[in-house]
Amino acid sequence: MNYNHGATEKKWQEFWNNKKSFEAKEPDAVAVAPNSSLGAEQSRPKYYVLSMFPYPSGRIHMGHVRNYTLGDVVARLKRAQGFNVLHPMGWDAFGLPAENAARERGISPKDWTYDNIATMRGELKRIGLSIDWSRQFATCDVSYYKQQQKLFLDFYKKGLAYRRKSFVNWDPVDETVLANEQVIDGRGWRSGALVEKRELNQWFFKITAYAEDLLQSLSTLDRWPDKVRLMQENWIGKSEGARVFFKTTHNLPQTIEVFTTRPDTLFGASFIALSPGHPITAELAKTNQKLANFVTECNRIGTTAAAIETAEKMGFDTGLTVAHPFIAGKTLPIYVANFVLMDYGTGAIFGCPAHDQRDFDFATKYKLSIIEVIAQKDGAEPLPYTGDGVLKNSEFLNGLDVATAKKTAIEKLKSMGIGEGVTQFRLRDWGVSRQRYWGCPIPIIHCKTCGVVPVPENQLPVELPADADFKKGGNPLDNHPTWKHVKCPSCNADAQRETDTCDTFVDSSWYYARFCSPKNDAAPITKSATDYWLPVDQYVGGVEHAILHLLYSRFFTRAMQETGHVGLKEPFAGLFTQGMICHESYKDENGKWLYPEEMEKRPDGTAVHVKTGRPVTVGRVEVMSKSKKNVVDPGRIIDAYGADTARLFMLSDSPPERDLEWTESGIDGAWRYINRLWRLVDEEPLLSRDYSAPSGATVTASDTLLRKSIHKTIAEVTDHLQRFAFNSAVAACRKLTNAMEEYASSADANGTVYREAVEALTRLLSPMLPHIASEMWEKLGHTTALVDEAWPTPDPALLIDNEVTIAVQVNGKLRATITLPRDCAKDKAEEIALSQDAVKRALNGNAPKKVIIVPNKIVNVVA
Ligand code: ANZ
Ligand code: ZN
């Protein structure tokens with residue numbers, strides 16, 4: 001009989017739900033866990049497992065299923081291993097799609113969001129996750145964003161949140177400001193529109209205050225993937241260099257300050273370049289129309305590093321010059337150049353064409369001199385040469401290597417009072433203002449007399465109005481007829497609310513801490529709860545969050561520590577990033593994408609449309625995406641095969657850090673294994689046979705063989721699961737299953753040994769296949785729930801291989817192999833070796849001259 005996944009999965013999900021099996025408790029909140037062999041929370045170390053919470057877009061996709069299954073395996077394993085596990089789930093619920101739905105379909109963002117949450121929660125529950133649903137919240141819950149507003153005010157008081165005028169990336173389609181990180185190749189990350197530059201008053205979080213610490217602490221995150229740490233390191237972008245003050249030779253501004261990482265190349269300088277956004281450029285443009293036009297042209301390509309890097313290098317000669325700092329009488333021309341970024345370094349550079357590609361291109365284009373100052377050690381690469389070497393043409397630096405020359409140049413600049421060594425970071429403060437409705441309102445009031453006034457804490461939350469108008473362009477909060485008009489909390493005059501809301505990355509920067517005490521209405525964080533649960537021991541999510549979300553969260557934890565909310569600075573001790581799910585893509589004759597269920601494969605390998613029978617082109621295996629329709633709906637798979645089958649396929653097909661190709665045959669294979677498992681307990685007559693412990697007299701060689709493989713499997717699977725090698729864990733279980741089936745088919749199979757095998761297998765599979773494992777456990781006659789059973793441990797005696805097979809050589813020639821007990825006595829080994837027929841023949845009836853035995857390795861006979 002086939003396994004009834006539908007009824008069984010529902011049964012166990014209800015069981016866990018009714019028993020509140022996964023509700024996590026802090027030690028002081030509980031007495032003893034009833035009916036559980038796991039012991040009281042007090043005596044168990046804590047373990048916090050978190051999978052990145054989903055955005056409630058409408059439906060669960062396969063990527064979610066994979067992400068949450070991985071986290072669930074860890075949570076269930078740790079629980080069985082005796083940890084007090086916290087495994088919560090929530091919703092990253094603010095964001096633009098809700099507003100778009102409101103505009104396009106007239107649904108309120110709130111209703112749209114909460115409807116989606118309800119649907120997706122139902123879908124998630126069908127996966128059978130060991131989630132503590134009692135801690136669930138959505139970031140758009142008033143109770144959550146009220147606490148976020150408190151955090152904002154605390155940050156503000158400490159100077160960690162501030163407001164300043166700045167050029168921003170403006171997305172003309174989404175009509176909002178974007179963080180630098182949200183601009184990809186000069187375009188908005190969501191809309192794909194070309195990003196423009198605008199000057200606005202914006203709120204910032206002072207992430208740069210922690211730049212050095214965020215960088216240095218990466219080395220403590222030894223359970224993070226190296227690639228993620230490297231990406232963060234590059235993003236923070238620390239450069240050691242110098243500031244150099246160049247004196248202008250005209251009366252207009254006195255000095256131009258540049259940042260350089262190569263002060264050693266100062267003797268090779270041939271020009272100065274200012275950013276189009278530099279204040280001196282603006283000053284000069286006032287009286288120079290051609291320069292003003294040049295600046296306008298530069299601004300058209302956007303402000304991002306990526307946009308600037310790909311654009312053609314352009315310069316404008318101002319006709320002005322600076323004096324060379326070291327060479328008396330020498331001057332350098334001042335250009336304005338489009339490749340100089342305003343928000344890096346000082347917004348001005350000196351160019352050394354012989355040793356920098358960009359400067360080289362620029363000098364070639366504008367016919368500036370190219371002065372070599374680094375002698376190449378061996379060989380002569382064409383210029384620009386960027387490697388190490390010895391200084392030349394550089395007066396007091398001549399003969400020094402690059403590193404020493406840098407130091408010496410900085411000392412000289414310092415002694416002359418025209419420069420100093422500095423450390424520069426690429427990391428910018430985090431602009432959090434968004435001109436949108438569906439976000440956490442920034443709790444600030446603007447008063448003509450008092451300026452920026454924080455909303456008093458007892459007036460929180462600043463709630464979103466329910467009746468915003470989404471038909472007009474721009475910010476619905478700003479357009480609202482009454483919402484922003486309030487009295488100033490300090491002078492009571494008419495004032496206006498801040499109408500910016502927080503970037504949604506703010507919401508996800510502290511949710512992991514809120515899960516520790518989600519119901520606390522008095523404060524964002526309950527210190528004792530975070531002291532107990534944090535850091536997150538295992539965080540699981542997509543590598544696409546390697547920079548933004550993780551860096552922001554690391555900043556937030558530091559800021560929460562500084563404002564007294566938490567007692568640590570690194571939120572995630574362990575991080576696992578899973579791969580994507582891919583699938584073949586299909587197109588019909590007209591080049592239109594088709595869903596997998598719209599096509600059918602023929603035995604000859606061709607594919608046709610299910611309805612029309614017309615040919616279908618099978619395309620590349622690509623990351624599942626709605627736009628290419630190469631998606632598989634988790635609901636459909638769970639209906640047809642059950643959650644355990646879906647989980648099994650996800651876990652067994654490839655290592656979880658790699659991309660996984662979803663195939664029908666893979667799902668089929670998983671389904672067949674689930675049914676094989678069921679037959680192990682459902683049809684096997686051995687289970688009802690003799691049920692006495694195996695005594696020495698009745699233990700056969702094949703009994704021992706199976707028992708060894710049981711305990712080896714226990715050791716292996718435990719190790720694999722702890723190292724996220726879930727596919728290897730499944731493989732080990734399958735191997736044991738094969739051995740069990742073979743064993744059961746032999747005439748003298750022992751019911752007790754077989755039962756030991758089934759029970760071990762059931763427990764080992766329980767984190768991965770929790771439903772069928774629970775059902776098997778019950779079928780085996782247990783009255784306790786499998787979910788409350790402790791993790792099996794192997795019998796060390798059965799892990800040792802007690803026999804060794806070694807070679808017997810006569811005069812260096814292999815004559816036989818013999819199997820001996822491990823560490824067999826030498827005289828015994830010799831006796832067995834010499835009794836072998838082949839060895840006797842080789843000795844021709846003579847006694848050996850000598851027998852050399854290397855225990856457990858070899859027997860050498862000298863004839
Ligand atoms: C002179 C020089 C000579 C440079 C040379 C390089 C090679 P990182 O390592 O990324 O920090 N630079 C400085 N500020 C800039 C800005 N706002 N926009 C564009 N480029 C800027 O890069 C530092 C180097 O990038 C600096 O060192 C400067 O050029 C340039 F043979 O100074 B260098
Ligand atoms: Zn006021």
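1. Four cavities of 30 Å³ or more are found when the whole structure is searched. On a 1 Å grid over the protein atoms alone, a cavity is a set of points where a 1.4 Å probe fits but cannot get out. The largest cavity has a volume of about 150 Å³, a volume being the space filled by probe spheres set on the points. Its lining numbers 14 residues, and those closest to the centre are R76, A80, S766, L786 and V787; lining residues have an atom within 4 Å of a point.

2. This is a predicted model, in which local features need pLDDT of at least 70 and side-chain atom pairs count only at pLDDT 80 or more, while totals for chains, interfaces and linings use all residues. Residues are numbered from 1 along each chain as its sequence is written, and side-chain values use heavy atoms, without hydrogens and water.

3. Helices α2 (62-80) and α24 (770-779) each supply at least two residues of the lining of the largest cavity. The largest share, three residues, comes from α2.

4. The chain comprises 27 helices and 35 strands, which are DSSP runs (helices H or I, at least four residues; strands E, at least two). Its C-alpha atoms fill a box of roughly 110 × 80 × 65 Å along the principal axes.

5. Of the 863 residues of the chain, 53% are buried, meaning under 20% relative accessible area with a 1.4 Å probe, protein chains only. Helix α19 (residues 643-653) is largely enclosed by the rest of the structure, because nine of its 11 residues are buried. Among them are R647, F649 and M650.

Definitions and conventions. Chains lettered and ligands numbered in written order. Buried < 20%, exposed > 50% of the residue type's maximum accessible area, 1.4 Å probe, protein only. 1 Å grid on protein atoms, 1.4 Å probe; cavity = no way out; pocket = protein on both sides within 12 Å on 5 of 7 lines; lining within 4 Å.
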